[in-house]
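The stops below are meant to be followed in order.

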Amino acid sequence: MKFSKFGEKLTSESGILELMDDLGKALASPEKKIMLGGGNPAHIPEVEKIYREVMENILKTPGRFEKIIGNYSSPEGDLEFIKGFAKLVKENFGWEVSEKNICILGGSQTTFFFLFNLLAGKYADGSFKKILLPIVPEYIGYEDQGLEQDYFVSFKPKFNIIDEHTFKYQIDFDSISAVILNDNEGSLANASGSNKLRDSSPTAQNGSDNIAAICVSRPTNPTGNVVTDEEVEKLIKISEEANIPLIIDSAYGLPFPNMLYTDAKPYWNKNIINVFSFSKIGLPGVRTSVVLANEEIIKALAAINAIVSLAPSNLGQHLILDLLKGNKILNISNKTIKPFYQKRSEELVKYFHSVADPSLPYYLHKSEGAFFFWLWCKDLPIDSYELYKRLKAKGVIVVPGNYFFPGVKKQWKHKKECLRISYCQDINVVKEGFKIIAETVKEAYLQR
Ligand code: PLP
C-alpha cells in the first residue's frame with residue numbers, strides 16, 4: 001500500500017526501529033538475558049508503594065476516580081495540577097510562572113515531536129530551519145522526529161580526559177558561536193579556548209537564520225553527562241542573541257526525578273522551553289510530561305494537542321497532584337530516587353573498573369546523572385554494532401553507541417567505539433553483565 005509523505009517518513013525503516021525489533025526478538029527468546037539496553041527506570045519498592053497509596057486514596061474518595069476517568073481535561077491539562085506545578089517551581093526555584101506558562105502532554109517523546117515540528121522544518125517564506133544540538137551523543141529518540149529529512153545540526157563535543165579510564169564531554173562553543181552568531185572570530189569561543197576536535201557539520205554553515213532552536217538533554221541520555229551551569233548559561237546567552245528558544249530536556253533532571261549526582265542548577269526564563277517527564281520517577285506507563293515555556297509556545301502546544309489528541313491523560317496528573325502538596329514529590333525524588341541511583345552508580349563504576357583490564361584504553365563517561373553508563377573503547381578493532389552482536393550472543397543486551405549521534409553524517413570513528421549500558425536492573429544482574437562486557441571488550445582488543 002502506498003502511504004503519504006508523512007506516512008512514508010514515519011513508517012520507513014529507521015535504524016532505531018530495526019534495533020528495537022532486534023532487541024525485542026532477543027528478549028522473546030527462551031534463553032536468559034541480561035537486559036542492560038532499555039530506557040525503563042528501576043522499580044523502587046518504596047516509591048511504588050507511595051503511588052499505590054495515592055491511587056487507593058483516589059479510589060476511596062467518592063466520585064474522584066469517576067471524575068478522572070470520565071472527563072476530558074482542557075487541551076493544556078488539568079488546571080488544578082497546572083496551578084500546583086506552577087506553585088512548586090515558583091516556591092522552590094523562584095521562577096515567575098503562572099498557569100499560562102504550563103501545559104501537560106502525553107510524555108516528552110510526544111512533546112518533542114510537537115516542538116521540533118512546530119519550530120523546525122519548512123517556513124512560509126521558503127526557508128528551512130533546523131534544531132541545533134550543541135553536543136552529541138544525544139538522546140536517540142530525537143533522531144526520527146522531524147517530518148522532513150535532516151532536522152538536526154549537531155556539534156561534536158570536546159573531550160575532557162579526567163583520568164586513565166574516565167572522561168567527560170564538553171560543549172564546543174567555538175564551533176557553535178562561529179555558526180550561530182555568524183561570529184567567525186568567536187567571541188564566546190574565547191571563553192572555551194581552542195579545540196582540536198572542532199568539526200561543525202557542513203549543514204551548520206548557514207548561520208543563525210537557519211536554526212529554529214537549540215536543544216539539549218540535561219542530564220543526558222545516553223552518556224550520564226550533565227551540561228554544567230556555565231555551559232547552560234552560555235547556551236542561554238547564545239540563544240537570546242540569536243533570538244531562538246533554548247529547549248532543555250529535563251527528563252532526568254530537577255524538580256523530579258532529580259537524578260543529578262553533581263552540582264547543577266535548574267534554569268528557566270521566557271526564552272527557555274523546559275520539558276519535564278513523569279517517566280523516570282517511576283511512571284513511564286502513565287505517559288505524562290509537563291512543559292514550562294512562554295505563553296505563545298504553550299498556546300501553540302495546546303492547540304496541536306487539541307488536534308492530535310483532544311486532551312492529555314488525567315491519571316498521571318492526579319497521581320502526582322496529591323504529591324505536589326507539601327513538596328512531597330521533591331522529597332521522594334531527593335530522598336529516595338536520587339540516592340537509589342547515585343549509590344548504584346558509585347558502586348557500579350568501581351565494580352566495572354575492578355573487572356575491566358586496566359591496560360586497555362577504555363573510558364567510562366563520568367557518571368553525573370540519569371541511569372546509564374557510556375563506555376568508550378578507544379581504537380577498538382571492531383565497531384560497536386559488532387560488539388553489540390557479540391554481547392547479544394552471550395545473553396547481554398546493550399545499545400550500540402552509533403545510534404546516539406543525531407545530525408552527525410560525517411564518518412567519525414568515535415561514533416562506533418561506544419556502548420550505552422543501563423544500570424536499572426537488579427544490581428547483581430548488572431554486575432554479571434559488566435563482567436561479560438569487560439571480557440568481550442578485552443577479546444576484541446586482543447584480536448588486533
Ligand atoms: N528525553 C530523554 C532524554 C529520554 O531519555 C526519554 C526517554 O527515555 C524521553 C525524553 C522520552 O520520555 P517520555 O516520553 O517517557 O517522557
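The tour starts at the ligand and then visits single residues, cysteines and backbone features.

This is a predicted model, in which local features need pLDDT of at least 70 and side-chain atom pairs count only at pLDDT 80 or more, while totals for chains, interfaces and linings use all residues. Residues are numbered from 1 along each chain as its sequence is written, and side-chain values use heavy atoms, with hydrogens and water left out.

**Stop 1: the ligand**

The side chain of S279 has an N or O atom 2.5 Å from an oxygen atom of the ligand. The protein buries 93% of the 400 Å² that the ligand exposes when taken alone; such areas come from the Shrake-Rupley method with a 1.4 Å probe, and for residues only the protein chains shown count as cover.

**Stop 2: S277**

Helices (H or I, at least four residues) and strands (E, at least two) are DSSP runs, numbered from the N terminus. Is S277 buried or exposed? S277 has a relative accessible area of 2%, so it is buried; buried means under 20%, exposed over 50% and partly exposed in between (1.4 Å probe, protein chains only). Its side chain reaches the backbone nitrogen of S279 at 2.9 Å. Not counting residues up to four places away in sequence, S277 touches S108, A251, F256, T288 and S289, where contact means heavy atoms within 4.5 Å.

**Stop 3**

Select A213 in strand β8 (residues 211-217). A213 is buried because its relative accessible area is 0%. Leaving aside neighbours within four places in sequence, its contacts are L119, K130, I131, L132, I244, P245 and I247.

Next, select F81, found in helix α5 (residues 79-93). F81 is also at a relative accessible area of 0%, and therefore buried. Which residues does F81 touch, not counting residues up to four places away in sequence? They are I104, F278, V290, Q317, I320, L321 and L324.

**Stop 4: cysteines**

The structure holds zero disulfides (pairs of cysteine sulfur atoms within 2.5 Å). C215 is in no disulfide, and the nearest cysteine sulfur, that of C103, is 16 Å away. With 0% relative accessibility, C215 counts as buried. C377 is in no disulfide either; the nearest cysteine sulfur belongs to C418, 7.6 Å away. C377 has 1% relative accessibility and so counts as buried.

**Stop 5: the backbone**

Most residues other than glycine have a negative phi, and most peptide bonds are trans. Go to V136 and P137, which are joined by a cis peptide bond with omega about 5 degrees. P137 sits in the loop between β4 (128-133) and β5 (152-154). D150 lies in the loop between β4 and β5, and its phi is positive, near 55 degrees. Its relative accessible area is 38%, so D150 is partly exposed.

Move to F256 and P257, where the peptide bond is cis with omega near 10 degrees. P257 is in the loop between β9 (246-249) and β10.

Finish at D379, in the loop between β13 (372-377) and α13 (384-393). D379 has a positive phi of about 55 degrees although it is not a glycine. At a relative accessible area of 35%, D379 is partly exposed.

Notes. A polar contact is a pair of N or O atoms within 3.5 Å; within protein, one must be able to donate a hydrogen and the other to accept it, and residues adjacent in sequence count only if both atoms are side-chain atoms.
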